Amino acid sequence: MVSQPSRRIVRGALVATAAVVAAALPTAPATAQPNAADALKKFNELSEQASKLNQDHLKAQEDLKAKQGELDKAKGDLANAQKAEESLRGQVDLLTEATNSGANFSQISALLVSDSQQDFLNRMSAINILAADNADALQKLTDAVNAADAATKSANEATETSKKLLAEMDQKKADLDKQLAEATAQYRSLSNTVKSQLAASGDMSNISVPAGTAGRALQFALGERGKPYVYGSNGPNSWDCSSLIQAAYRSAGVSIGRTSYAQAAAGRPVSRGEVKAGDILVYYSSQSHVAMAVDGIRAVHASTEGQPVKIADIDSIGPISGIRRIEG
């Protein structure tokens, strides 16, 4: 039998040995590495943020283009106003010269030099016409000068606004590039199994579509399944979410906006229970993603980086913020 003191000695030796072994082992990280589900969730969050920034950048491009159109018009108005001012100023100068040369007689001088009553009336008529022409020319000149001033102000304001929008667009592009880099890095951290699942084209079977505009738009969208998602792409070899929807309806003869924001206001609203083929599904409170309903259960959409155009369950794509019907 081992005595109590001996047991204490053995127990102490074991504790000391365990401490030495523990010190020799690698230190475990303070926090566990994220699992596959966490990595995928983070990727989806980053992708959604990038999608919003992509739509913001596209909208900024449209705003800048519209403002540049206003600037071009303002410059044209200014050129026309300056031309009219120059022409009218010449007319006023001629009338002034005629006045200084004695052509603008007073009524008394006309009476004194007239040979007859008819001559007097003729001279008075000429005086009145000359006075009216002069007044009319002066008024037109004044209007032309005011128009030129207004056009100059408008052109200057449009120029400044364009510069501001250009700076904002550049900033949005920089924000987008940064977000894309983060999303791409997160995508690369995913396992090959998850990447393969994301890259799968899904249901590629033939799907019947209804007749009419919505059916033709849906037929186009379904025909793009398997093509890659690229931020800001306008097709035909790759798409982002809103460019696919725009092109689909364009193929059916309907013009809608380029951004998801514009598409969220297109057509008329319908409820979730009313969804049918061709409806535009708008996702997230930011309205940063859109898809097209295949039926009341499925939708086709250009999802995000690393995923092709594919069919997915309507409610699995994200929280729906609105549904728009272009036809009917």
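In this predicted model, the structure holds 3 aromatic pairs. One of them brings together Phe220 and Trp239, whose ring centres are 6.0 Å apart and whose planes stand at 80 degrees, so that the pair is classed as edge-to-face. This pair links distant parts of the chain, since Phe220 belongs to helix α6 whereas Trp239 lies in the loop between α6 and α7, 19 residues apart. The two partners can also be described by their accessibility: Phe220 is partly exposed, with a relative accessible area of 24%, while Trp239, at 3%, counts as buried. Another aromatic pair is formed by Tyr229 and Tyr231, which is likewise edge-to-face, with 4.9 Å from centre to centre and 85 degrees between the planes. Tyr229 is buried at 4% relative accessibility, and Tyr231 is buried as well, with a relative accessible area of 12%.

The loop that carries Trp239, between α6 and α7, is also the place of Ser238. With a relative accessible area of 13%, Ser238 falls under the 20% limit for a buried residue. When its neighbours within four places in sequence are left aside, Ser238 is in contact with Pro228, Val230 and Ser233.

Glu305 and Asn44 are 261 residues apart in sequence, yet their C-alpha atoms are 9.6 Å apart in space.

Of its 328 residues, 36% count as buried. The chain exposes about 18,500 Å², of which carbon and sulfur atoms supply 55%. Among the contacts in the chain with a separation of 6 or more, 68% are accounted for by residues 24 or more positions apart.

The 6 strands form an open sheet in the order β1-β6-β2-β3-β4-β5, with antiparallel pairing. Strands β1 (268-269) and β5 (310-313) stand at the edges, and because each has a single partner strand, one side of each is left without a neighbour in the sheet. Helix α7, made up of residues 241-251, packs on this sheet and touches β2, β3 and β4, its direction making about 40 degrees with that of β3.

Within the sheet, the pairing can be followed from strand to strand. Strand β2 (residues 280-283) is joined to strand β6 (residues 320-325) by 4 bridges, and the two run antiparallel; here Ile280 has Arg324 of β6 as its bridge partner. β2 also pairs with β3 in the antiparallel sense, over 4 bridges, and Leu281 stands opposite Ala291 in β3. The hairpin of β2 and β3 has 5 residues between the strands, and within this hairpin Tyr284 takes a positive phi near 70 degrees.

On its other pairing, β3 meets β4 in the antiparallel sense over 2 bridges, with Met292 having Val300 of β4 as its bridge partner. These two strands, β3 and β4, are joined by a hairpin through 4 residues. In a regular strand, the side chains alternate between the two faces of the sheet. For β3, burial extends along the strand, for 5 of its 5 residues are buried, and β3 is therefore largely enclosed by the rest of the structure.

Methods: Residues are numbered from 1 along each chain as its sequence is written. Side-chain values use heavy atoms; hydrogens and water are left out. Two strands pair if DSSP finds at least two bridges between them. Contact means heavy atoms within 4.5 Å. Axes are lines fitted to C-alpha atoms, for helices over the stretch in contact, and angles run from 0 to 180 degrees between N-to-C directions. Buried means under 20% relative accessible area, exposed over 50%, partly exposed in between (1.4 Å probe, protein chains only). Rings of Phe, Tyr and Trp (its six-membered ring) pair if their centres lie within 6.5 Å; planes under 30 degrees apart count as stacked, over 60 as edge-to-face and the rest as tilted. Accessible areas come from the Shrake-Rupley method with a 1.4 Å probe; for residues, only the protein chains shown count as cover.
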